[in-house]
Amino acid sequence: MASPDQDVVSETPALDKDGVRLTVDDAIATVTLTNPAKRNAQSPALWRALAEAGRVLPGSVRVVVLRAEGRSFSAGLDRQAFTPEGFDGEPSFIDLARGTDAELDATIAGYQEGFTWWRRSDLVSIAAVRGHAIGAGFQLALACDLRVVADDVQFAMRETSLGLVPDLTGTHPLVGLVGYARALEICATGRFVHAEEAVQTGLANVAVPPDQLDGAVRDLASALLAAPRDAVIETKALLRGAQDRTYEDQRAAERAAQARRLRDLAGVGE
C-alpha cells in the first residue's frame, strides 16, 4: 500500500512551482510545501504560488488540506530576506523601507494574498502541522479553518523579537482562538507553543503522533465531506460572523440561513 506522501505525489499536479504543489482529487485539494531541505522556509515567490493555488482551485473542491514535506511544516521567512540584497528580483527590506507608504502597503497586501483565501466560505481548509511552524509558518497554519497537529509541533511567532510585527494575516485568527492576553504574550515573547497547549487553547483541533498525522487529516476531511455542501457553507458563514454580531443579530442570521436551507431542501429556493 502506498504511503500518504506517495498518494499525494502520484497525482498530476495542478500547480508545482516555487516550493508549492497543488493536487486535486475530486472534492479534496492538497497544497504541499515542497522544500524540506530548507524546512519549507518562505519567500515572496512562495507566497505568490500559494495565492495562485487558490485561484486555480476547481469548483468541485470542498476541502483543502495544507501539508508540508519533511519534518518541519515551515521555519518561517527565509533568512535571505534579512540580507542587504534580499531575494533576486524582489525588493529588499531596505528597498521596502525607502518606498512610499502606498508602495509599501501594496507590496505587503500582495504578500498577504497567499494567506487570505483559505477561509473562503465555499471551502473548509485543514492545516496538517508537524515540527516547526514559526513566524510566517505559524501564520500560514492560522490562515486555515482547522489545524491537526503532530505531537512534536512547535508554534512560535518570532516577528516581534526581530523588531517586526506579524503581518501575514495571523493576528486576527490568533486573537480569536486564544484571546488577546495570550496572543500578546505568545507574540511578544516569541516562545514555543507545543501540542498540549495548542489543543488546550484551541490553536489545534487535535494532536496525534507524527506517523498518524496524515490519517487523522484524511479522517477529518472525510467527515467534513459527509455533510451536504450548502449546509456546511451556511454553517461556516454563521460561525465566522458570530464574533462580529450581537446576540440578536446572530439570532436573525440563524433564522435567515435556516430559511434558505428549508426552501432549498423543499425545492422552492431561488
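**Aromatic pairs and a nonpolar patch**

User: What makes the nonpolar surface patch here?

Analyst: Phe-82, Phe-93, Leu-162 and Leu-164 make a nonpolar surface patch of about 320 Å². Patch residues have over 30% relative accessible area and no salt bridge, with nonpolar side chains (Val, Leu, Ile, Met, Phe, Trp, Tyr) joined within 5 Å and like charges within 9 Å. A salt bridge here is a side-chain nitrogen of Lys or Arg within 4 Å of a carboxyl oxygen of Asp or Glu. Accessible areas come from the Shrake-Rupley method with a 1.4 Å probe, and for residues only the protein chains shown count as cover. Do keep in mind that this is a predicted model, where local features need pLDDT of at least 70, side-chain atom pairs count only at pLDDT 80 or more, and totals for chains, interfaces and linings use all residues. Residues are numbered from 1 along each chain as its sequence is written, and side-chain values use heavy atoms, leaving out hydrogens and water.

User: Why does Leu-164 count as partly exposed?

Analyst: Buried means under 20% relative accessible area, exposed over 50%, and partly exposed in between. Leu-164 has 37% relative accessibility, so Leu-164 counts as partly exposed.

User: Why is the pair of Trp-117 and Trp-118 called stacked?

Analyst: Rings of Phe, Tyr and Trp (its six-membered ring) pair if their centres lie within 6.5 Å; planes under 30 degrees apart are stacked, over 60 edge-to-face, and the rest tilted. By this rule there are five aromatic pairs. For Trp-47 and Phe-115, the centres are 6.2 Å apart and the planes at 65 degrees, so that pair is edge-to-face. The rings of Trp-117 and Trp-118 have centres 4.0 Å apart and planes at 25 degrees, so this pair is stacked.

Key. Buried < 20%, exposed > 50% of the residue type's maximum accessible area, 1.4 Å probe, protein only.
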